[in-house]
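Have the structure open while you read.

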Amino acid sequence: MKNKLKKVIAYVLSFMMLFTMSAMNIGSVSAASTGSITLNVAQHDIGATTFSVYKLMDATSANDKIAYTVNSDFKEFFKQTDVANSEDDEVVYNYIKNHVKNDDFTTKLKTYVASKNISKVTLSQSNLKANNLEYGYYAIIPSIDTYKPMYTTLSNSNQTVYLKGLEPAVDKKADGKNWTSAQIGETVRFTVDSMVPNMTGFDHYVYKFTDEMSSGLTVSKADLNMKITMGDTELTDYTVTVENQKIIVDFGDFIKYKEHANETLKFEYQATLNSNAVTDDKTTNMAIIQYGHDVDSLSDPKKDTTIIKTHNLKITKVEKGTKTPLAGAKFNLYKGTSTTVKPIHFVQGDNGTYTVTTDENGITELVTPSTGIINVKGLDDGDYRLVETEAPEGYNKLKSPKEINIKAESSDNGENVTVSGNDITVENSTESWLPETGGMGTVIFTVVGVVGVLAILSTYFKKGKKREEA
């Protein structure tokens, strides 16, 4: 009986060991042997570009360990590339590891697949996911050279690969335009569009953003109103420093955004135009980005500049019909089409020159000098209204505002600007003496006439009386 019990126990133990070994063998192949590769292109439209997905090596994985063997379709390729022993999987693995980032490796691979009928999966704008792929090491080769080939290991249910070949650029605008006009004291809102770089293969990354403003713009951290968005998400994990005229954004280790490669990175902030803008031919400001896996190996600076212009207004006051300059005429200037708002304030210079100021203690009255010419500096383009508050003595004051429209145009993003509507002439009229009535000559004639009539009547009555007496 005891022997039978021992045999039963032995059978049970043997069965349990066999089951355990089978389970271990299943685990060595991994719970799943297929997955998918998704190409992330973010907001970019790749158009008609296609991407061919090839498996260079087969792979098995378990417990975070992975083993590679050369795919039969590429044994000849590695033999042609003079691998020391193309039949040795470990030798091929090391060769790929040391050469995959070289352009020569990719060039040879593209030539090889073009000459062979090798199994592949094609990705396109309408389908960026390859499903049911066996685990392995894959090459993803684009149909055009705009993008660079990508390489990845598939050893889980889904592997995301980020489009490679696009580099972050800088596109800066002022108030939504490549260049703009503004008036002293006005706030200009800047936007800079860039992109999150592809950080595949790195565990640390630097993204550096700066903006250098000219002296014609007043920059302060308190009024900067900085906003940074990545895709549709507003970021908060960064610091901003303002040093004199330079804005600096520090993200810390940018690798935290690795999964957002190729997404739009947008910066928004503002500055105020000041009186220094008048002395400049143009007020410039430059956004600069650099990026890389180390502060000592950053990319070349990528830059974009916007230009802000102020404009002058020349007002010439003359006598109507003679073009004689008139001194002493007084005006208020209003921005827009309404004269119910506050007039623009100025700082007065020499010879009828006035510069716009934000100081409420500045003067609002423009007065023509002996030349009859007023020069106003620091204006935006657009509509203005000029109201004459006092005419020179002996002249009629304008009854309605003078309409002004300053128009600025440029074909080279503000480098050269053509301005029209900023040179106006205002005429005042004077009149000759009107005919006079009630003068002394008329009175004399009236008196003489009345005396004459009375004399005639007196003579008449005297003659009548004599006739009666007779």
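Q: What makes the largest pocket a pocket, and what is its volume?
A: Its volume is about 1,500 Å³, taken as the space filled by probe spheres set on grid points joined across faces, edges and corners. A pocket, on a 1 Å grid over the protein atoms alone, is an open set of points where a 1.4 Å probe fits, with protein on both sides within 12 Å along at least five of seven lines. Mind that this is a predicted model: local features need pLDDT of at least 70, side-chain atom pairs count only at pLDDT 80 or more, and totals for chains, interfaces and linings use all residues. Residues are numbered from 1 along each chain as its sequence is written, and side-chain values use heavy atoms, with hydrogens and water left out.

Q: Which residues that line the largest pocket are closest to its centre?
A: Of the 45 lining residues, those are Lys 101, Pro 149, Lys 164, Asn 198 and Thr 200; to count as lining, a residue needs an atom within 4 Å of a point. Helix 3, helix 4, strand 7 (150-154), strand 8 (158-162) and strand 19 (283-292) each give two or more residues to the lining. Helices here are DSSP runs of H or I with at least four residues, strands are runs of E with at least two, and both are numbered from the N terminus.

Q: Why are the buried residues of helix 3 said to line one face?
A: The residues in question are Val 92, Tyr 95 and Ile 96 in helix 3 (residues 89-99). Seen down the helix axis, they fall within an arc of 95°, so one face it is; the arc is that of the directions from the axis to the C-beta atoms. Glu 90, Lys 97 and Asn 98 are exposed on the other side of helix 3.

Q: What do the buried residues of helix 3 pack against?
A: Their partners are strand 2 (51-62), strand 3 (65-70), helix 2 (75-80), helix 4 (103-115) and strand 6 (136-142). Contact means heavy atoms within 4.5 Å.

Q: What makes the pair Ser 181 and His 311 a polar contact?
A: Their side chains are joined at 2.8 Å. The rule asks for a pair of N or O atoms within 3.5 Å; within protein, one must be able to donate a hydrogen and the other to accept it, and residues adjacent in sequence count only if both atoms are side-chain atoms. So the pair at 2.8 Å qualifies.

Q: How do you know which label Asn 132 gets, buried or exposed?
A: With a relative accessible area of 67%, Asn 132 is exposed. Its place is in strand 5 (residues 129-134).

Q: Why is Asp 175 called partly exposed?
A: Its relative accessible area is 37%, so the in-between label applies. Asp 175 sits in the loop between strand 9 (171-174) and strand 10, and has a positive phi of about 50° although it is not a glycine.

Terms used. Buried < 20%, exposed > 50% of the residue type's maximum accessible area, 1.4 Å probe, protein only.
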